[in-house]
Amino acid sequence: MENFYLFVLMCIFLIILPGPDIAIVTKNTLTVGRIGGLKTALGICCAILIHTSAAVLGLSAIIMKSALLFSVFKYVGAVYLIYLGVKTLWYLRKKEEAASVEMNTKSQFKNTSCFKQGFLTNILNPKVAVFFLTFFPQFVDSGSNTFLPFLIMGITFTVLTAIWFLLYVYLINQISAFMKEPKAQYIIEGITGTILIGFGIKLALEKSHN
C-alpha cells in the first residue's frame, strides 16, 4: 500500500462532504435525539464494512460490470431515499394539523429504526461501491495483491467515518436547543426531506459504470 497518510487525508475530505448519509444522520439526530443519530451512524458504518468485504472479495467488481445488478441497486436505493424524504415531509404536514398529531409524530419517529435507516441508505447506494473500486486502487502498488490493502483501507475509512459522525452528532445535539424550536425544526426537516428526495432522484438518474 502506498501513501497511507495521503489516503487518510483524502478520506477525511470525502467523508465530510454532504450526502445522503449526512442528511439521514441530521434528520434522526433532530427528531429522535443523540441516541438516534448515533444508531444511524452505526448503521452506516456497518454498511461500509459490508462494502469493504464486497470489495475485498471482488463482489463489488461483479456488480459494477453487470448493468442489471447495478440498476437494481441503484433504483432500490433511489426509491428508499425518496421514500424517506416523502415520509419526512408527510410528518411535517401532519404536525400542522394539531398538537396531538405532533405528539404522535414524535412517537412514530422514536419507534423508527434509526440503525436500519442508516444501514439501508448506505448499503443500497451503488455509488459507494463505485467509490471503493475507483478510489482504493490508487493507493495500491500495481500488480500486488489487493486483499490486505483493500481491507486496511476499508477499515480505516470506517473508523474515520465513525469518528466524524460522533463529532457531528455531538455538534448537532449541542445546538439542538435552537434547532428544535418548532419553526426552526419545521424548516430544517422540510429542507432535509427535500434533500433526500433530491438525492434519490439524482441516484436514479446515475448511469451504470460498465
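1. "Buried" here means that a residue has under 20% relative accessible area. The buried ones are Pro-126, Val-128, Ala-129, Val-130, Phe-131, Phe-132 and Phe-135. For the protein as a whole, buried residues make up 45% of the 210 residues.

2. Now zoom out to the overall build. As for how the chain comes together, take the contacts with a separation of 6 or more: 84% of them link residues 24 or more positions apart.

3. Which residues have the most contacts inside the largest nonpolar core? They are Phe-7, Phe-132 and Phe-136, in a core of 35 residues. H9 gives the most, with eight residues. As background, nonpolar side chains in soluble globular proteins tend to be buried together.

4. Next, have a look at how H3 and H7 pack. Two packed helices are described by the angle between their axes and the distance between the axes. For H3 and H7, the axes come within 7 Å and cross at roughly 35 degrees, and the crossing is right-handed. On the H3 side, the residues that meet H7 include Gly-36, Leu-42, Ile-44, Ala-47 and His-51. On the H7 side, Cys-114, Phe-115, Gly-118, Phe-119, Asn-122 and Ile-123 take part. Sorted by type, the residues of this contact come out as 10 nonpolar, six polar and one charged.

5. Finally, a word on confidence. The mean pLDDT of the protein is 77, and 67% of its residues reach 70 or more. Which element has the lowest mean pLDDT, and which the highest? Helix H6 (residues 99-111) is the lowest at 46, while helix H7 (residues 114-123) is the highest at 92. Over residues 98-109 the pLDDT is below 50, and beyond near neighbours in sequence this stretch has 11 contacts in the model. Where pLDDT is low, the predicted coordinates should not be read in detail.

Conventions:
Residues are numbered from 1 along each chain as its sequence is written. This is a predicted model: local features need pLDDT of at least 70, side-chain atom pairs count only at pLDDT 80 or more; totals for chains, interfaces and linings use all residues. Side-chain values use heavy atoms; hydrogens and water are left out. Buried means under 20% relative accessible area, exposed over 50%, partly exposed in between (1.4 Å probe, protein chains only). Helices (H or I, at least four residues) and strands (E, at least two) are DSSP runs, numbered from the N terminus. A nonpolar core is a set of buried Ala, Val, Leu, Ile, Met, Phe, Trp, Tyr and Cys residues joined through side-chain atoms within 4.5 Å. pLDDT is the predictor's confidence in each residue, from 0 to 100. Contact means heavy atoms within 4.5 Å. Axes are lines fitted to C-alpha atoms, for helices over the stretch in contact, and angles run from 0 to 180 degrees between N-to-C directions. A crossing is left-handed if the near helix is turned anticlockwise from the far one by less than a right angle, and right-handed if clockwise. Ala, Val, Leu, Ile, Met, Phe, Trp, Tyr, Cys and Pro count as nonpolar, Asp, Glu, Lys and Arg as charged, and the others, Gly among them, as polar.
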